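Work through the exercises below with the model open. Each task is followed by a solution in steps.

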Amino acid sequence: MSCAAYLDGNARPKSMCRAKQWTDEVENLYRFQQAGYRDELEYKQVKQVDLIDKWPETGFVKKLVRRDNTFFYYNRKRECEDKEVHKVKVYAY
């Protein structure tokens, strides 16, 4: 991701593809998309936060605030099952 994408408050992705296999990045994208956000960048823009709660052991997202101000709490371990991986959208900026 380029630095310009972080500076621009309205950064939009240039392209999107679906995940083919599970990775740590796909796991975190899965969690953001479950909560109703495109990715970490959109979450930070909408919620006006700099830090996101993450599990120190794994680096996975721990807690997200949805747009309706309810919370999603996630486990330390993988939550995106193999059958769900193809549903995760990976954006390029």
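Helices (H or I, at least four residues) and strands (E, at least two) are DSSP runs, numbered from the N terminus. The model is predicted: local features need pLDDT of at least 70, side-chain atom pairs count only at pLDDT 80 or more, and totals for chains, interfaces and linings use all residues. Residues are numbered from 1 along each chain as its sequence is written, and side-chain values use heavy atoms, with hydrogens and water left out.

**Exercise 1. Fold and overall shape**

Task: State the order of helices and strands along the protein chain, then check its radius of gyration against the globule rule.

Solution. 
- Step 1. Count the elements. The protein chain has three helices and four strands.
- Step 2. The pattern is α-β-α-α-β-β-β.
- Step 3. Apply the rule, which is 2.2 Å times the number of residues to the power 0.38, with the radius taken over C-alpha atoms. For 93 residues, a compact globule would have a radius of gyration near 12 Å; the protein chain has 13 Å, so the two agree.
- Step 4. Along the principal axes, the C-alpha trace spans about 35 × 30 × 25 Å.

**Exercise 2. Surface, contacts and charge**

Task: Describe the burial, contacts, surface and charge of the protein chain.

Solution. 
- Step 1. Buried residues make up 32% of the 93 residues.
- Step 2. Take contact as heavy atoms within 4.5 Å. Of the contacts with a separation of 6 or more, 61% join residues 24 or more positions apart.
- Step 3. Compute the surface by the Shrake-Rupley method with a 1.4 Å probe. The accessible surface is about 6400 Å², and 49% of that belongs to carbon and sulfur atoms.
- Step 4. Lys and Arg count as positive and Asp and Glu as negative; His and the chain ends are not counted. The positions used are NZ of Lys, CZ of Arg, CG of Asp and CD of Glu. There are 19 positive and 15 negative charges, and their mean positions are 3 Å apart.

**Exercise 3. Cysteines**

Solution. 
- Step 1. Use the cut-off: a pair of cysteine sulfur atoms within 2.5 Å.
- Step 2. Check the distance. Cys 17 is in no disulfide, and the nearest cysteine sulfur, that of Cys 80, is 14 Å away.

**Exercise 4. Positive phi**

Task: Locate Gln 48 and Asn 69, and give the phi of each.

Solution. 
- Step 1. Recall the background. Most residues other than glycine have a negative phi.
- Step 2. Take Gln 48. Its phi is near 55 degrees, a positive value. Gln 48 lies in the loop between helix H3 (40-47) and strand E2 (63-65). It counts as exposed at 67% relative accessibility.
- Step 3. Take Asn 69. Its phi is positive, about 65 degrees. Asn 69 sits in the loop between E2 and strand E3 (71-73). It counts as exposed at 54% relative accessibility.
- Step 4. Gly 36 follows H2 and has a positive phi, near 100 degrees.

**Exercise 5. Packing of helix H2**

Task: Identify the buried residues of H2 and the elements they pack against.

Solution. 
- Step 1. List the residues. Val 26, Glu 27, Asn 28, Leu 29, Tyr 30, Arg 31 and Phe 32 are buried in H2.
- Step 2. Name the partners. The buried residues of H2 pack against H3, E2 and strand E4 (89-92).
- Step 3. Zoom in on Asn 28. This residue of H2 (residues 24-34) counts as buried at 14% relative accessibility. Leaving aside neighbours within four places in sequence, Asn 28 is in contact with Gly 59, Phe 60 and Val 61.

Note on methods
Buried means under 20% relative accessible area, exposed over 50%, partly exposed in between (1.4 Å probe, protein chains only).
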